[in-house]
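User: I am new to this structure and would like to learn how its features are read. Could you take me through some of them step by step?

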Amino acid sequence: MSTLTECLQSDHRRLDAILVKCKALAAAGSFPEAASDFATFAQGLSRHIDAEEDVLFPALEDWAPDAAGPMHVMKVEHVRIRELNVAIGSALEKRDGGWKGLVQQLEEVLGAHNLKEERVLYPAADQASKGAPDVEQVRGGILRLLG
């Protein structure tokens, strides 16, 4: 993957597929499997957020200091996403029917969040990183965290 956008967007798609499978399992009443898949999803999403906050955002602050505002918005949304992941994992473990509403909330937050990242933040990072001596190091750090 040649750009930061491609690395991170590809991970969004991978995570989306896991969530789709998890929802299907839960809807079919296979709660142990759904909970297991959701744990995989939540762990992957946590690593994705860590890659952004620990690697991409600090680099972007150096490359484009004017991106601080959008990064702040992303960080606030990351907190909400993590909260929903905990609530969904708990609901699935308890076989609580409330999991559906929580997943719907997550999909709404995550859908808007990912759209902003993919259309604004990641392309801004790609543009700002052109010619930056540390771009390969940043890409490598992101890929390591994504696993």
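**Reading a buried serine**

Analyst: Let us begin with a single residue in this predicted model: Ser129 has a relative accessible area of 5%, and because buried means under 20%, Ser129 counts as buried.

User: Where does Ser129 lie, and which residues does Ser129 touch, leaving aside those up to four places away in sequence?

Analyst: Ser129 belongs to helix α4, and, with residues up to four places away in sequence not counted, Ser129 touches Leu4, Trp63 and Val135. Its side chain also reaches the backbone oxygen of Asp126, at 3.0 Å. Ser129 and Ala59 are 70 residues apart in sequence, yet 8.5 Å apart in space, C-alpha to C-alpha.

User: How many residues has the largest nonpolar core, and which element gives the most to it?

Analyst: The largest nonpolar core has 23 residues, and Phe38, Phe41 and Trp99 are among those with the most contacts inside it. Residues come to this core, two or more from each, from α1, α2, α3 and α4, and α2 gives the most, with eight residues.

User: What span should α2 have, and where does α2 bend?

Analyst: At 1.5 Å a residue, the 33 residues of α2 should span 48 Å, and its end C-alpha atoms are 45 Å apart, which agrees.

User: Where is the confidence lowest, and where highest?

Analyst: Where pLDDT is low, the predicted coordinates should not be read in detail. Here the protein averages a pLDDT of 95; confidence is lowest in helix α5, at a mean of 94, and highest in α2, at 97.

Technical notes
Residues numbered from 1 in each chain as written. Predicted model: local features only at pLDDT ≥ 70, side-chain atom pairs only at ≥ 80, totals over all residues. Heavy atoms only, no water. Core = buried A, V, L, I, M, F, W, Y, C linked by side-chain atoms within 4.5 Å. Buried < 20%, exposed > 50% of the residue type's maximum accessible area, 1.4 Å probe, protein only. Expected span 1.5 Å × (residues − 1). pLDDT = per-residue confidence, 0-100. Contact = heavy atoms within 4.5 Å. Polar contact = N/O pair within 3.5 Å; in protein donor to acceptor, adjacent residues only side chain to side chain.
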